[in-house]
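User: I would like to learn how to read helix packing in a model such as this one. Could you take me through it feature by feature?

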Amino acid sequence: MTFTLTPYVTSSFQEHSLTATTSIISSLVAGLFKLPYAKIIDIWGRHQGFALMVASCTLGLIMMAACNNVQTYCAAQVFYAVGYNGIDFTLTIFVADTSKLKNRALMIAFVASPWLVTTWAYGPAAASILNTIGFRWGFGVWAIVYPLASAPLFYVFYTNNGKAHAAGLVPARPDSGRTTAQSAVYYAKEFDVIGLLLLSAGLGMFLLSFSLYSYQASGWHSALIISLLTFGILLIISFALYERFLAPVTFIPWALMKDRTVFFTYTMVASFYCAYALWDSYFYSFLVVVFDISVANATYITNIYTIGSCVWALVIGVVIKFSGRLKTHALFFGVPTTVLGVALMIKFRQPDTPIGYIVMCHIFIACGGGTLVICEQMTVMAVSRHQHIPAVLAMEATIANIGSSIGATIAAAMWTGIFPVKLAQFLPAGAQADLANIYGSLDVQSSYAVGTPTRDGINAAYGETQKLMLIAATSLYAITLVSVMLWKEVNVKDTKQIRGRLI
């Protein structure tokens, strides 16, 4: 629902073009936070980390409900994204701790299976909220529901942690003897706080410059944009130098990066999520405006990937359980099917195309993407020792979020650079004076009657812009293909990592 409501939040402030921008920083910070969070749940415990993430999620929802500008909404999305991604990561680690490797793909798919129900529910709910109580209470309701819905799982984590301590399975932690100040310094080193700040600030400044340049009178020559680019690049270089020569505990698990499969899984993840964010960022708006469909129906179409990938992940989980193969399924089915779906949309995501063809493309992408997401998580776990799994999965999630941020940045840059130009080209003379309002609001775009010259001009601008974004996304999958080709073929059916009572 937060994804569905976002265009209406930005449009309420006449900033619809910032729809993708709102996710750049939140996705980036949420991804980077997973590396220190992997240590937090190891040092503090699963239930403490889970509670912290639920609190962050709830705070973000409260801020969304109370926001009065896009800047506050962006900040709220950071808290929400950190919490949401942290909860998801906690569940993945819980599955890794309690399942055999050959069954783990199926269990990861099972954890995602509730989306098969919620995806059908949130579209009508979002439509009802927009027509009645408004987007603010649309967020406020979940600020109440989220903690209540998370309480049972917290109870399970908490009580079983107590049982483990009572049974002597968890070694007692000796008193460190450190003062509060010494503990703060110690944990700052352990969590590589300096490295985290350098990288997040550097990437944030660098990526935001691409989506904000069109709002400056001088464009790329603006002092603000030049400063963001310069300081962003310098901070990223500083991060690399700090990690190489000064960091007492490195932010990136460099030892794990030496494994060929781990390294090329990360390059595959970066390109896959970058391409996805690139073609998906303005897809919902495209459906609402170009095809003039309801909020509920638009959410059904945008979530074909969610539904399809969840169903297919269950299928591929069973296949992996009996075949044990990962690379084979990713290389000969996952990548080709995904590329086919996205490439076909270059032709079919246009105003004069029946919407059924778009649905067909998304079904292809769902099957291919469902295969790749399962295989890439399983691959890094299969080639790592169990004690390294939180680190490799945290790094995988971090790279996925960075890839998504880069994809959203490219999408925002292309949208702000191409869409207004296409609007000026296709809008009739009588509508040229309203170009800024049309560009800035999804509601204004939808307000023109279907079949009028103005609406046809808006639709044509959408089609031309989307075509270029899809061409760029399709090109990125070349990296995905080469990366998968360079994986080792690991048979998870014969691999044993952990002992105990396992699924």
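Analyst: In H15 the buried residues are Ile304, Tyr305, Thr306, Ile307, Gly308, Ser309, Cys310, Ala313, Ile316, Gly317 and Ile320. This is a predicted model, in which local features need pLDDT of at least 70 and side-chain atom pairs count only at pLDDT 80 or more, while totals for chains, interfaces and linings use all residues. Residues are numbered from 1 along each chain as its sequence is written, and side-chain values use heavy atoms, with hydrogens and water left out.

User: Which helices do the buried residues of H15 pack against?

Analyst: Helices (H or I, at least four residues) and strands (E, at least two) are DSSP runs numbered from the N terminus, and contact means heavy atoms within 4.5 Å. The buried residues of H15 pack against H5, H6, H12 (260-280), H14, H16 (327-348) and H17 (355-382).

User: How should I read the packing of H5 and H15, and at what angle do they pack?

Analyst: Two packed helices are described by the angle between their axes and the distance between the axes. Axes are lines fitted to C-alpha atoms, for helices over the stretch in contact, and angles run from 0 to 180 degrees between N-to-C directions. Helix H5 (residues 101-112) packs with H15 (residues 304-323) at about 165°, their axes being 7 Å apart. The two are therefore roughly antiparallel, given that angles under 35 degrees count as roughly parallel, over 145 as roughly antiparallel, 65 to 115 as roughly perpendicular and the rest as oblique. Residues making the contact include Leu106 and Phe110 of H5, and Leu314 and Val318 of H15.

User: Which residues of H6 meet H15?

Analyst: Helix H6 (residues 115-131) packs with H15 at about 170°, with axes 9 Å apart, and that makes H6 roughly antiparallel to H15. From H6, Trp115, Leu116, Thr119 and Trp120 meet Thr306, Ile307, Cys310, Val311 and Leu314 in H15.

User: What span should H15 have?

Analyst: The expected span is 1.5 Å times one less than the number of residues. The 20 residues of H15 should span 28 Å, and its end C-alpha atoms are 27 Å apart, which agrees. H15 is followed by Gly324, whose phi is positive, near 80°.

User: Where is Asp292 found?

Analyst: Asp292 is in the loop between H13 (283-290) and H14 (295-302). Although not a glycine, Asp292 has a positive phi of about 55°, and at 45% relative accessibility it counts as partly exposed.

Notes. Buried < 20%, exposed > 50% of the residue type's maximum accessible area, 1.4 Å probe, protein only.
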